[in-house]
Amino acid sequence: MSDKKIVVSFASKGRENYNKAQLGLIKSCVNAGWDGDYLIRSYDGYCDNYLGVDIKLGSYPITEKHGLCPNHAEIPWGFKPDIILEAIEKGNYNQIIWCDSTVRMIKNPQPLLDYAKEHGVCAFDNCGHPLKFWISDVALEHLHITEQELEDNNIQQIMACCVIFDVGTMKGKAIFEEWAALSKDGACFQIYGSQREGFKAHRSDQAVLSGILWKYKVPLMPYGKLVYPPHDSNFEYGEDIYFVNKGVN
């Protein structure tokens, strides 16, 4: 069976105008020669088609099994697994690239899709931000990861602004399903805390997926394939850049 690949994203005005940023994401994919499909949603966008790409306006992601996704306040970032599930269930896509609206595609990510096919998921190392400082105690409990394991294994945190799943693989499917289930458990995506020394904040979807990837022994793609400015111009981490998180601009 040939791979069906898709870029998925969701935006709303929020703290900043993420709808405007989403148009930048679409433009970057077109310019990079993306040859897959799109599932682009916006809750309150002002454009339903941009550069030939449809933008589904007016609702949070809807899935056949789970209905309307609760709003952002109820399940922070719960729209991520929901919109991916929509692509799987309605479009039968097996290779799914989640992109925040602020992400820009620099070049065709086929090598990263191949990496996801090998490992189930392609996620990027959030260097300098180890998971122990960014995950709640309750999320650790639900993930069945002990604080000792967290410390001893120096578990790394990912950057959840761009993640590639290959749910056509057994590992990728299992990882996605666990992540999606934990988004609905009333705990893991909620902003709980920890008294752990050095703890800063719980990063909900990002922290939970980081823990799952560690459990499944998925090697992270090094920072440099996905970067933040100014590393897209000073090339401190190399010039082989596929994605940049440019922010709202």
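This is a predicted model: local features need pLDDT of at least 70, side-chain atom pairs count only at pLDDT 80 or more; totals for chains, interfaces and linings use all residues.
Is Ser 136 buried or exposed, and what is its relative accessible area? Residues are numbered from 1 along each chain as its sequence is written, and side-chain values rest on heavy atoms, with hydrogens and water left out.

Ser 136 is buried, with a relative accessible area of 0%; buried denotes under 20% relative accessible area, exposed over 50%, and partly exposed the range in between, for a 1.4 Å probe and protein chains only. Ser 136 is placed in the loop between β9 (121–122) and α4 (137–143), where helices (H or I, at least four residues) and strands (E, at least two) are DSSP runs numbered from the N terminus. When neighbours within four places in sequence are set aside, Ser 136 is in contact with Tyr 192, Gly 193, Arg 196, Phe 199 and His 202, contact being defined as heavy atoms within 4.5 Å.

Strands of a sheet pair through backbone hydrogen bonds, either parallel or antiparallel. Here, two strands are taken as paired if DSSP finds at least two bridges between them. An open sheet with mixed pairing is formed by seven strands in the order β3-β4-β2-β1-β7-β10-β9. Its edge strands, each pairing on one side only, are β3 (49–50) and β9. Within this sheet, strand β7 (residues 95–99) runs antiparallel to β10 and is joined to it by five bridges, and Trp 98 stands opposite Val 163 in β10. A further open sheet, also of mixed pairing, comprises three strands in the order β8-β12-β11. Its edges are β8 (103–105) and β11 (226–227), each of which pairs on one side only. Two bridges connect β11 with strand β12 (residues 243–245) in the parallel sense, and Val 227 is found opposite Val 244 in β12.

In soluble globular proteins, nonpolar side chains tend to be buried together. A nonpolar core is defined as a set of buried Ala, Val, Leu, Ile, Met, Phe, Trp, Tyr and Cys residues joined through side-chain atoms within 4.5 Å. The largest such core has 40 residues, and those with the most contacts inside it are Val 8, Ile 84, Phe 165, Trp 179 and Val 208. At least two residues of this core come from each of β1 (5–11), α2 (79–91), β7, α4, β10, α6 and α7 (204–215). A second, separate core of 27 residues includes Val 7, Cys 161, Val 227 and Val 244. Beyond neighbours within four places in sequence, the contacts of Val 8 include Leu 39, Ile 84, Ile 97 and Trp 98.

Aromatic pairs were assigned to rings of Phe, Tyr and Trp (its six-membered ring) with centres within 6.5 Å; planes under 30 degrees apart count as stacked, over 60 as edge-to-face and the rest as tilted. By this rule there are seven aromatic pairs. Phe 165 and Phe 176 form an edge-to-face pair, at 5.6 Å centre to centre and 75 degrees between the planes. Phe 165 lies in strand β10 (residues 162–166) and Phe 176 in helix α6 (residues 170–183), so the pair ties together parts eleven residues apart in sequence. The rings of Phe 165 and Trp 179 are stacked because their centres are 5.5 Å apart and their planes are at 25 degrees. Phe 165, at 0% relative accessibility, counts as buried, as does Trp 179 at 3%. One aromatic cluster is formed by Phe 165, Phe 176, Trp 179 and Phe 189.
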